[in-house]
Amino acid sequence: MNGPGDLDNLLSQLCRAAENFKRDHNDLERLAALKAARKLVQALETPQEGALLTGVSPIQVLCVRIAIDIDIFTTLTKSNGPVSLKELAAVKNADPSFTERVLRVLAGIGYVIEHEVRVYAANAMTRYMSDPGAVAVLKFQFDVCMPLYSKAPEYFRETGFQTPLESNKGLFQYVEKTEESIWSLMSKKHEDMDGFYTHMAGRRANLPIWVDWFPVQERIIDGFEDKDGSGLLVDVAGGRGHDLERFRAKFPSARGRLIVEDLPQVLEGINSGSGIECQPIDLFEPQPVQGARAYYMKFVLHDWADRQSQQILQQLKVAMKKGYSKLLIEEVILADKDAEPIPSLGDWMMLAIHCGMERTQSHWEGLLTSTGFRVVRFWNPPSPGQQSIIEAEVA
Ligand SMILES: C[S@@+](CC[C@H](N)C(=O)[O-])C[C@H]1O[C@@H](n2cnc3c(N)ncnc32)[C@H](O)[C@@H]1O
């Protein structure tokens, strides 16, 4: 713990930030208050407590994962009032004393309310965790990522603590004993793919949507050259087309083709008839849609190391019309200092699964410049800590 003077400072920082947030209801102020609150907790925690809590933190994820399996969150959310331990355990015929051990941890981390002794109620966290998107995110973290993390120290010791440079020779391949990527393994199992896209939708659930804050009309639609068969917007590796659907909903009268591209097996899951065309691609092969107004790529390049990212960008550059086509990359931009926990932990997730990475602004600029692009502008979202849009064009 720090001295009493430090505590006074931290407390007044927190009070100021919380007052500002109460007054303005602005996300910037909320995040400032959260940061101040975290610093205060760190100052109050002894190093022993801090280290122990970090060491046992996987158990928190484990208990949340088991709670999903035994329907704790959905049962509490659906109930009109508090629910007894006995009733909660009975849902999946679990042992009540086992269930209580799960609930004790959940109450401690604020995922349920302990209404009375062995009687529980839902809070905002419980309700959030009963949403299929939130469930998919947690399952992905636990079922797919945790086994990788547990082997990561061994893998990095063996590779001399180097950043993997080849996307097919990383931790995922080491643990799964394969040379294939997670994408090619996942595409062979439909339930995994459904889970992944529910996960992606879940991650997005509370994030600002780019079409709501990026000046789409001015930067894309206004300069569009409307000739026969012209492409307005190509969503490169766009999954099942959710971002283009949002674009279409927001700009229903925009002219020009909207095209979602991804691996052929991913596009099979799309309902046709929405006015969005599907174009199967391989990111490393020539880009089939030439001279479109904009090529949008969201959460794609963070899946790849720099060398593979350059190859992907190179294919796009060849298809783009200089002085007209725009490249819009929607990604997190890591702060050089004081990075928020979610992006810096997300960087490790990308490293573990794909040999990928989150990048700082200068890293993005270097990557794009080295591939023959010019950054026009880094557009920051209204809510700090969320992904930005990097607007670039052929240099
Ligand atoms: C993290 S997801 C992002 C999807 C979408 N842009 C979004 O934000 O929801 C990455 C996407 O890249 C696709 N992908 C991976 N390897 C690919 C390849 N070689 N060619 C084309 N798409 C690929 C995956 O199928 C997946 O849909």
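Two strands are said to pair if DSSP finds at least two bridges between them. By that criterion, Arg-377 stands opposite Glu-391 in S12. The model is predicted. Its open sheet has 7 strands, in the order S6-S5-S4-S7-S8-S12-S11, with mixed pairing.

**Sheet layout**

- Strand S6 (277-280) and strand S11 (373-379) stand at the edges; each has a single partner strand, so one side of each is left without a neighbour in the sheet.
- On average, neighbouring strands of this sheet are turned by 25 degrees against each other, direction ignored.
- Strands of a sheet pair through backbone hydrogen bonds, and the pairing is either parallel or antiparallel.

**Parallel pairs around S4**

- Strand S4 (residues 231-235) is mostly covered, with 5 of its 5 residues buried.
- S4 pairs with strand S5 (residues 257-262) in the parallel sense, over 4 bridges.
- Within that pair, Gly-231 stands opposite Arg-257 in S5.
- A right-handed β-α-β unit is made by S4, helix H14 (residues 242-250) and S5.
- S4 also runs parallel to S7, joined to it by 3 bridges.
- Leu-233 has Ala-294 in S7 standing opposite.

**Antiparallel pairs around S12**

- All 7 of the 7 residues of S12 are buried, so S12 is largely enclosed by the rest of the structure.
- S12 (residues 388-394) and S11 run antiparallel and are joined by 6 bridges.
- Arg-374 stands opposite Glu-393 in S12, while Arg-377 stands opposite Glu-391 in S12.
- S8 and S12 pair in the antiparallel sense as well, over 5 bridges.
- Glu-391 in S12 is also the bridge partner of Leu-328.
- Helix H18 (residues 361-370) lies across strand S8 (326-331), S11 and S12. The helix runs at about 150 degrees to S11.

**His-302**

- The UniProt annotation "active site", from an unreviewed entry, covers His-302.
- His-302 lies in the loop between strand S7 (294-298) and helix H16 (306-319).
- Its relative accessible area is 2%. Because buried means under 20% relative accessible area, His-302 counts as buried.
- Not counting residues up to four places away in sequence, His-302 touches Glu-331, Met-350, Gly-356, Met-357, Glu-358 and Arg-359.

**Arg-359**

- Arg-359 is placed in strand S10 (residues 359-360).
- With a relative accessible area of 0%, Arg-359 is buried.
- The side chain of Arg-359 makes a polar contact with the side chain of Ser-309, at 3.2 Å.
- Leaving out residues up to four places away in sequence, the residues that Arg-359 touches include His-302, Asp-306 and Ser-309. Among them are also Trp-304, Val-332, Ile-333, Leu-334 and Trp-364.

Conventions
Residues numbered from 1 in each chain as written. Predicted model: local features only at pLDDT ≥ 70, side-chain atom pairs only at ≥ 80, totals over all residues. Heavy atoms only, no water. Helix = DSSP H or I, 4+ residues; strand = E, 2+ residues; numbered from the N terminus. Buried < 20%, exposed > 50% of the residue type's maximum accessible area, 1.4 Å probe, protein only. Polar contact = N/O pair within 3.5 Å; in protein donor to acceptor, adjacent residues only side chain to side chain. Contact = heavy atoms within 4.5 Å. Axes fitted to C-alpha atoms, helices over the stretch in contact; angles between N-to-C directions. UniProt positions renumbered as here; feature names shortened; annotations may be inferred. Right-handed = clockwise from strand over helix to strand, strands pointing away.
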